[in-house]
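Hi,

Here is the structure I promised to pass on. Have a look at it first, and then read my notes below.

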Amino acid sequence: MAESVCRSLRDGSLEGEHAPALSISDTLHSPLGSHVFHHFLYSLASNIAASKSQARALVLVAYRRSPSFYFDLLKSSGVDPSLFDKKLLVLDCHSDPLGWKDRLLKSANSAQNSAKSLSSVFKSVKDISKLLSLILELGQGLVGHGKEKFAVAIDSVSDMLRHASLQSVARLISNLRSHDNISCIFWLIHSDLHEPRVSSSLEYISTMTANLEPIMKPNEGQRRVSENLYNIEQNSYRGKLHVHLKRRNGRVKLHSEEVHVEQVGIKILAMSSENAIVNQSLLPKVQFNLQLSEKERDDRAKVVLPFEHQGNGETIQIYDGRQSLSEGQKDPHLKGPSITGKTNTDTSTGNGEIHYLRDSDDEQPDSDEDPDDDLDI
C-alpha cells in the first residue's frame, strides 16, 4: 500500500482535478512519522531526478530540520547532488523563523552559507499569505511559468501551527492543491500535540492518510515501569502504518502494514501473521451471521423464483401484455378460462353480472337504449 502512495505522488494530478495530498501523522507512542516522511520524500525526489514523475521539481518547506540535513539525507540515499539547484529547493523556515538571528548576527559561517546557496531563508512564518507566494515563486522559478508542475513537501505542520491558525494553514494547503502548477503535496503532523479537530480537518482536505500506531498499545500487559520503558523503546523502532486512500468515486481503501526502522532507512512490510490474528480478535462481534451453511445453500438453490418458467417439457409461451391472444387460444400457464379479445356476453358461463339500479327520479335512458341491458364479465 505504501507503494500505491508513492505512485500517486509520482503520477500527480489529472486534468481538471486538484493535486493529490498525503497527510502523515504519528504520536509519542509511535514516533516514526519523520522516517515515513523521509521515505516518501526520497521516493518522489528520485523519480523527479530520473524524470519519471509528473512533477519536474520539488520545493521542501523545512520547519523541523535545517536545509543541510535534507541535502545530506538525499545524497546518502543516492540522489545526484548536481540536481539540487536545478530540481530541488528548500524553503528554510527552521534557521530564523521570526527574524531574530538576522538582527543579532551579522554574518554566518561558511557551512551555513553553502547551505543557503541552495535554499531560501524565510523569516516571517506568521505570514501565511507571504509563505504561499514564496512557495509558488520558488517552484515556478524551477519549472517556469508554463504548464510544468512541481511538488511541495512540508516536514512539520505541527511547527507551522505554532505560529499560525488552523484556518490559515488549511487555506494554504487548499490553495496549493488547487493551483495549476502543483503536482502533489504531502506533510507530517504530530497528532497528539493538537486537538482532534486539527487532524480531522487536515485529513478532510487530503486524498491519502498514513497514520502510525505502536505495535503494542501503551500500558497493555505492563506491570512495572521498566517494562513500560522497554516497550516505548521497542515502539520507537517498529510501528503499524494504516493507509487510507480516497478513490475518485468516493470509496475509501484501507490497508495496514508494519514499519521497521533500520540503519539504512525503513522497511514497510505486510502485517505478520501474529499481528493479523490479534487484529482479527479485536474485531467487534455481531449478533448475526452473514455466511450460509451447506444446507441453507442447497435449500436456496431449490427455490423456484417467479420468473423461472419451468414449462414441464412443453414449449414455453410467455404473454408479454402487448398483444391479446387470438380467440379460442388458451394460455398454457393459466388454469382458468382463456383470455380472448372479445367480451363474452353468454350468461351461461357462470360469470357474475353487474346490474345498475336507478332511482325513479333519475334521468330516463334514451329511447334507443334498452334499460334491461346489462354487462357480462
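Let's start with a pair of charged side chains: D299 and K295 form a salt bridge, with 3.0 Å from N to O. Keep in mind that this is a predicted model. Both D299 and K295 sit in helix 13 (residues 294-302), four residues apart, which is about one turn of the helix. Are these two buried or exposed? D299 counts as partly exposed because its relative accessibility is 35%, while K295 is exposed, at 60% relative accessible area.

Another one joins the side chains of K75 and D72, at 3.9 Å from N to O. If you find helix 3 (residues 67-77), you'll see both K75 and D72 in it, three residues apart, again about one turn of the helix. K75 is partly exposed, with a relative accessible area of 42%, and D72 is partly exposed too, at 44%.

One more to look up: the side chains of E195 and R197 meet in a salt bridge of 2.9 Å, N to O. E195 has a relative accessible area of 46%, so it counts as partly exposed. R197 is also partly exposed, at 48%.

Now for helix 2. Quite a few of its residues are buried, including G33, V36, F37, H38, F40 and L41. Further along the helix, S43, L44, A45, N47 and I48 are among the buried ones as well. Just after helix 2 comes S51, which takes a positive phi of about 60 degrees.

Stay in that area for S53, which is in the loop between helix 2 and strand 2 (55-62). Where does a serine like S53 end up, buried or exposed? With a relative accessible area of 4%, S53 is buried, because the cut-off for that is under 20%.

The backbone nitrogen of A55 lies 3.2 Å from a polar atom of the S53 side chain. Leaving out residues up to four places away in sequence, S53 touches L9, R10, L44, N47 and I48. Of those, L44, N47 and I48 are buried residues of helix 2.

Happy to go through it with you whenever you like.

Cheers

Methods
Residues numbered from 1 in each chain as written. Predicted model: local features only at pLDDT ≥ 70, side-chain atom pairs only at ≥ 80, totals over all residues. Heavy atoms only, no water. Buried < 20%, exposed > 50% of the residue type's maximum accessible area, 1.4 Å probe, protein only. Helix = DSSP H or I, 4+ residues; strand = E, 2+ residues; numbered from the N terminus. Polar contact = N/O pair within 3.5 Å; in protein donor to acceptor, adjacent residues only side chain to side chain. Contact = heavy atoms within 4.5 Å. Salt bridge = Lys/Arg side-chain N within 4 Å of Asp/Glu carboxyl O.
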